[in-house]
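Open the structure in your viewer and keep the selection tool ready. The tour visits aromatic rings, then a helix.

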Amino acid sequence: MEYHHASEMNGVVAEYLNMRVESKQNSLCKEEKETVDATKLPHIEKAYTTVLSELGEDVEREGLLRTPLRAAKAMQFLTKGYKETTQDIMNDAIFDESHEEMVIVKDIDLFSLCEHHLVPFFGKAHIAYLPNKKVVGLSKLARIVEIYSRRLQVQERLTKEIASAISEALEPAGVAVVIEAVHMCMVMRGVQKMNASTVTSVMLGTFNDDPKTRKEFLALTMKK
């Protein structure tokens with residue numbers, strides 16, 4: 001009886017683990033379907049095949065057989081921000097509120113691709129705004145960062161686009177954005193400086209006009 005009970009338990013555990021794996025796979029497939037443009041995928045895949053071949057690789061060897069397809073899907077995901085807009089995510093998340101003090105969301109992870117070399121840069125974004133009778137769901141600020149970072153970018157433009165998007169959506173008294181990032185084009189190639197980081201900022205409205213407000217924001221976000 002003990003043997004049969006143990007066998008049954010093992011079967012239940014195995015079935016549960018299989019369900020977890022299948023659920024994870026289905027989730028990944030759903031995310032992949034949402035970001036993949038099937039009409040463009042074959043063309044991008046073919047382009048990656050050409051690049052690998054021109055680099056001297058054997059595209060028929062086992063390790064590279066599906067690499068062009070995987071790379072094509074990855075590139076579509078990494079640039080999915082082109083298909084997203086601020087309006088898409090902000091419609092139901094802006095609320096009337098009398099709060100007038102500074103709202104800060106700091107240490108928002110961001111990952112993007114440098115448009116000059118198509119290699120990553122990554123770091124943190126710090127965002128603040130001064131409400132003007134409107135507030136937004138905090139997660140939407142992180143989503144705005146995601147929209148604009150999932151495009152081919154330079155950090156300077158990315159910082160400005162995030163600030164402008166928040167300003168247009170909320171019409172606040174002021175917006176401040178600071179991005180700290182490490183660029184692989186400086187680490188993996190070129191000058192190869194491992195510890196170099198880049199900081200960019202955009203200050204709009206009161207953050208630009210009032211040194212005290214700007215100082216408060218920088219003090220709250222840049223302290224470690």
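Predicted model: local features only at pLDDT ≥ 70, side-chain atom pairs only at ≥ 80, totals over all residues.

**Aromatic stops**

Residues are numbered from 1 along each chain as its sequence is written, and side-chain values use heavy atoms, leaving out hydrogens and water.

Select Phe111 and Phe122. They are stacked, 6.4 Å centre to centre, with 25 degrees between the planes. Phe111 sits in strand S2 (residues 103–114) and Phe122 in strand S3 (residues 120–130), so the pair ties together parts 11 residues apart in sequence. Helices (H or I, at least four residues) and strands (E, at least two) are DSSP runs, numbered from the N terminus. Phe111 is partly exposed at 45% relative accessibility. Phe122 is partly exposed too, at 32%. Buried means under 20% relative accessible area, exposed over 50%, partly exposed in between (1.4 Å probe, protein chains only).

Next, select Phe207 and Phe217. Their ring centres are 5.8 Å apart and their planes at 70 degrees, so this pair is edge-to-face. Phe207 belongs to helix H8 (residues 206–209) and Phe217 to helix H9 (residues 211–222). Both are buried.

**Helix stop**

Now select H6, residues 155–170. Which residues of H6 are buried? Gln155, Leu158, Thr159, Ile162, Ala163, Ala165, Ile166 and Leu170 are. On the other side, Glu156, Lys160 and Glu168 are exposed. End at Glu171, which follows H6 and has a positive phi, near 50 degrees.

How values were computed. Phe/Tyr/Trp six-rings, centres within 6.5 Å; stacked < 30°, edge-to-face > 60°. Expected span 1.5 Å × (residues − 1).
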